[in-house]
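Let us walk through a protein model step by step. Keep the sequence and the 3D view side by side as you read.

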Amino acid sequence: MYRQLKLAGKIACSNAGDLRLPYKLIYALTYRCQLRCVMCGIWKRAPSEELSLEEITEFFRFSNAFSWINLTGGEIFLRKDLLQIFEAIHTHCRSLFLLNFPTNGYETDTIVHTVQELTRSFRFPKVLVTVSLDGPRELHDRIRGVPGAWDRAVETYDRLRRFRSSRFDVYCGMTLQSGNADAFAEMVQAVQERIGAVHFRDFHVNIAHTSKHYYGNAEQGTPAEKLLLPAQLRTIEELRRSGSPGPVQFLERTYQNLAADFLQTGRMPLPCQALAASCFMDPAGTLYPCSIYDAPIGSIKDHAYKLAELWRSGPRRALRQEIRKGNCPHCWTPCEAYQSILANLLPSLARYRS
């Protein structure tokens, strides 16, 4: 309860102004990936530098005020030291309330074993896992570029949901793009036929983006998703509407409501919290405002693995001012959108209730 209240306090303070340190870290552990997704270029990258386990431990020893850590990739389960990374976070981040991460679900046995050990060995208050699914079987495999990817992802989701508890939950995550925008209901039906009872609420959605420094797909130009009709998002939101309200449902519904505005205007519909409540760190330890804005601030290696030193730096302050003015690429990814929703609670609540 203490950690939850501490996070709530930081969220409340973010509604009044910038925080002294971010409460959320988005950290790409690796750019390695087995899949060949059409909307992402991460898998095309040459092998890149990654912080070692010792360096990661040192970072969390000095930079441990986070209440929310989002680990991402690539595919994080390709790191053989993932359980040791979880241990470093658990040992040093004593205020952490929420740990979440996505997976492509391909290495089912490894993922299930690792998550089972994670929930058994470490008492994180809340762990959320998202298994990526982008449509029914043939469509998903075509988007993900590897035959059999759908069957493995669905099996991973099915086995992980058996661990559900007050501390652990798992969802399926769909990246909406021009090729699958009309396939949401068909995807849910296909999963239900494969593994039994599922609900539309078990499936989260986000919008495909381009990013030079993260997705490595900037050459794709303006995403075709800009042309999607907001009506398609409204249809998905209606299918997912029923059920008891809660923090996850609030964020999801508000995100989808405001996604329509983003698709129509190309601008973030709420003031962004990048470099205020949150930041993005790549596998080599370079800090960025977020996963979209290609504006490196510096490396934690050059600052004795202390995020606070980088946070006090001139480049971080200058970039934060640019973001305040709206001088950034603009996006609406859940990684950045959720803390912006939470920093604008009154308008977000009004939108949620509409």
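What follows looks at strands, then the core, then aromatic rings and cysteines.

This is a predicted model. Begin at strand S3, residues 98-103. Five of its six residues are buried, so the rest of the structure largely encloses this strand.

Which strands pair with S3? One is strand S2, residues 68-72. S2 and S3 run parallel and share three bridges. Find asparagine 70, and opposite it you will see asparagine 100 in S3. Another partner is strand S4, residues 126-132. S3 and S4 are also parallel, joined by six bridges. Here proline 102 faces threonine 130 in S4.

Now trace the chain between these strands. S2, helix H3 (residues 82-92) and S3 form a β-α-β unit, and that unit is right-handed. S3, helix H4 (residues 108-121) and S4 form a right-handed β-α-β unit too.

Next comes the core. The largest nonpolar core has 115 residues. Within this core, Phe60, Ile69, Phe101 and Trp332 touch the most other members. Helix H9, residues 247-265, gives the most to this core: seven residues.

Take a look around isoleucine 69. What does isoleucine 69 contact, apart from its neighbours within four places in sequence? The list is Leu25, Phe60, Ile89, Cys93, Leu96, Leu98, Leu99 and Asn100.

Turn to the aromatic rings. The whole structure holds 13 aromatic pairs.

Finish with the cysteines. A disulfide is a covalent bond between the sulfur atoms of two cysteines. How many disulfides are there by the distance rule? The count is zero. Cysteine 272 is in no disulfide, and the nearest cysteine sulfur, in cysteine 328, is 5.7 Å away. Cysteine 272 is buried, with a relative accessible area of 11%.

Technical notes: Residues are numbered from 1 along each chain as its sequence is written. This is a predicted model: local features need pLDDT of at least 70, side-chain atom pairs count only at pLDDT 80 or more; totals for chains, interfaces and linings use all residues. Side-chain values use heavy atoms; hydrogens and water are left out. A nonpolar core is a set of buried Ala, Val, Leu, Ile, Met, Phe, Trp, Tyr and Cys residues joined through side-chain atoms within 4.5 Å. Buried means under 20% relative accessible area, exposed over 50%, partly exposed in between (1.4 Å probe, protein chains only). Helices (H or I, at least four residues) and strands (E, at least two) are DSSP runs, numbered from the N terminus. Contact means heavy atoms within 4.5 Å. A disulfide is a pair of cysteine sulfur atoms within 2.5 Å. Two strands pair if DSSP finds at least two bridges between them. A crossover is right-handed if, with the strands pointing away from the viewer, the path from the first strand over the helix to the second runs clockwise. Rings of Phe, Tyr and Trp (its six-membered ring) pair if their centres lie within 6.5 Å; planes under 30 degrees apart count as stacked, over 60 as edge-to-face and the rest as tilted.
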